Structures are given as structure tokens and as C-alpha cells.
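Visitor: I would like to learn how to read ring pairs and helix packing in a model like this one. Could you walk me through it?

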Amino acid sequence: MVSLIGKDPPEAINKKGEKLRVAAGATFTWIIQNFKICPEDADEETIKTYTRVYVWYIITRTLFPDSSGDRAQWHWLKLLVFFDSTFSWGSAALAWLYRHLDDACLRSAADSGIGGCLLLLSVWSWERFSIGRPRLLSFNPYIDNGNDYLLPTWAYKWDVVSEPPTDPLEAYKRYTNEFDTITMDQVTWEPYGRGDRFGVPEDYRLNPICLRESRLWLMRCPMVCMWAVEYHQPHRVMTQFGLFQIVPPEWKDTDIGLHR
């Protein structure tokens with residue numbers, strides 16, 4: 001951290017003066033306290049440093065959060081030594097989310113939680129299932145100044161929602177029971193439009209960047225994110241692409257051998 005951003009957080013110490021074992025990185029609070037505002041007279045290197053920290057903060061809060069929820073791990077900072085656009089951040093975010101879903105479902109440890117891009121998971125679920133869906137309020141018109149690349153992504157539709165207060169344990173039981181009885185006809189398979197109208201619904205204009213890599217959506221390949229390797233299996237959800245779904249879909253081994 002010192003070599004990349006010029007400083008690092010102090011060591012965690014308890015009231016007895018003993019060093020605490022914490023995840024390697026910096027808390028979001030520390031990042032805000034030290035890098036919230038870039039100096040007005042900053043030189044180019046200082047601007048790059050603040051940019052690097054900002055990107056680090058954003059991706060560790062949205063794309064790659066862990067179950068702690070309060071810390072930016074330092075290994076993501078290493079990827080920002082150079083501002084390289086050749087990384088496949090989207091597939092890495094999916095691999096990271098899939099790995100956390102694995103851990104959360106299997107409860108691999110007594111304190112297993114969930115991390116990953118839960119905003120992505122939530123929007124994906126709300127668009128397809130009525131189960132657990134908050135009430136969507138009307139979103140504000142988006143000002144793009146005639147530039148399509150300033151249009152929002154799909155998550156902007158869910159920027160203003162109403163969620164009734166509920167007990168998490170009761171909601172969990174209700175959701176699992178409802179998912180156990182859901183039928184194929186109760187799923188909205190193609191919420192973003194069909195055929196040539198994909199991504200162009202009547203009431204919402206989507207940023208064209210969201211469709212730019214559409215040629216890759218049906219790839220069957222391993223997705224790599226640090227130590228997490230997860231297989232992309234679009235053949236299991238062909239109905240989402242308006243295609244015929246073979247049942248059961250072809251089985252693909254995603255056991256520990258793939259991760260090695």
C-alpha cells in the first residue's frame with residue numbers, strides 16, 4: 001500500500017496493546033478519512049494515486065466485497081498498478097459472486113456469510129421472480145444530454161423501491177417455501193426484451209455499454225478471479241436467451257479439480 005498509494009493504515013491493537021489479526025487491507029472508513037478529496041493543486045502522480053484509491057474503494061464495495069463488509073482488501077489494489085483495460089472485470093465479478101454463493105449455501109464454516117456483487121444478484125432476481133421483490137416506485141427521468149453513453153444501467157430502475165419491514169428469519173422461511181413451489185410459468189425469463197428489441201424496452205433506455213460484450217454471453221468457459229475459478233454455464237439457462245432448454249441440461253464437473 002505504501003508503494004502504491006503512499007500510506008497504509010495503522011496496525012489493529014486491542015486495549016491490552018496486543019496486535020490483532022485482521023484481514024489484510026484498509027477499512028472503508030480509513031480510506032474516506034485519508035483520500036476523500038484530492039488536493040486542488042495536485043500534480044499528475046497525486047491525481048493518479050487518488051484515482052487508484054477511488055477505483056479500489058468502488059470495486060471492493062460493489063464488485064468484490066467479502067463477508068466482512070467493511071474492508072478493502074489490498075490484493076485488489078495490486079491490479080491497479082497500471083490502469084489496464086484488458087482485464088475481464090465482468091467475468092471476474094461473476095466468478096467471485098459464484099464462489100461466495102457456494103460458500104453461503106454450503107455453510108463451509110460456522111460463521112460463513114456471503115459476499116460478492118449482491119446488487120447484481122438482487123437486480124437479477126427481482127427482474128425474474130416476484131418472490132422477495134420490493135415494490136418498484138417510479139424512477140426519475142435520466143438526463144443524458146443526448147449522449148447514449150451517459151444513460152444508466154438496468155440497476156437504476158430499482159434505485160427507488162419500497163420494502164415492507166419484516167423479520168429476516170420469517171422472510172427466509174417464506175422465501176424458501178415459495179421458491180420450492182414456483183413453476184416455470186411464474187418466471188419472467190426475458191425481462192430485458194426479446195429478439196431485436198433486447199435491451200430496448202418501451203419505458204427504459206439502456207446504456208449501450210451493457211450490450212457491448214453480448215457476443216460473449218453464451219461462452220462456456222472457466223471464469224477466473226484470483227483463486228476463485230467458476231465455470232460459466234449458459235446452457236443451463238437457455239430460456240433466458242429465448243432459446244430451447246434441454247432438460248436435464250448437460251452436466252459439467254465443477255468440482256475441486258477445476259479450481260486446481
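Guide: Gladly. This is a predicted model, and it holds 14 aromatic pairs.

Visitor: How are the rings of Phe64 and Trp89 placed, and what is the pair called?

Guide: Planes between the stacked and edge-to-face ranges count as tilted. Here the ring centres of Phe64 and Trp89 are 6.1 Å apart with planes at 50°, so this pair is tilted. Phe64 sits in the loop between α3 and β2, and Trp89 in helix α5, so the pair ties together parts 25 residues apart in sequence. Phe64 is buried at 2% relative accessible area, whereas Trp89, at 25%, is partly exposed.

Visitor: Which geometry do Trp76 and Trp96 show?

Guide: Planes over 60 degrees apart count as edge-to-face. Trp76 and Trp96 pair in that way, at 90° between the planes and 5.1 Å centre to centre. The pair links helix α4, which holds Trp76, to helix α5, which holds Trp96, across 20 residues. Trp76 is buried at 1%, and Trp96 is buried too, at 4%.

Visitor: Which residues do ring pairs link into a cluster?

Guide: The cluster consists of Phe64, Trp76, Phe87, Trp89, Trp96 and Trp227.

Visitor: Now the helices: at what angle do α2 and α3 pack?

Guide: An angle over 145 degrees counts as roughly antiparallel. Helices α2 and α3 pack at about 155°, with axes 11 Å apart, which makes α2 roughly antiparallel to α3. Their crossing is left-handed. Among the residues making the contact are Phe28 and Ile31 of α2 and Tyr50 and Trp56 of α3. By class, the contact has eight nonpolar, three polar and one charged residues.

Definitions and conventions. Residues numbered from 1 in each chain as written. Predicted model: local features only at pLDDT ≥ 70, side-chain atom pairs only at ≥ 80, totals over all residues. Heavy atoms only, no water. Axes fitted to C-alpha atoms, helices over the stretch in contact; angles between N-to-C directions. Helix = DSSP H or I, 4+ residues; strand = E, 2+ residues; numbered from the N terminus. Parallel < 35°, antiparallel > 145°, perpendicular 65-115°, else oblique. Left-handed = near helix turned anticlockwise from the far one by under 90°. Contact = heavy atoms within 4.5 Å. Nonpolar A, V, L, I, M, F, W, Y, C, P; charged D, E, K, R; others polar. Phe/Tyr/Trp six-rings, centres within 6.5 Å; stacked < 30°, edge-to-face > 60°. Buried < 20%, exposed > 50% of the residue type's maximum accessible area, 1.4 Å probe, protein only.
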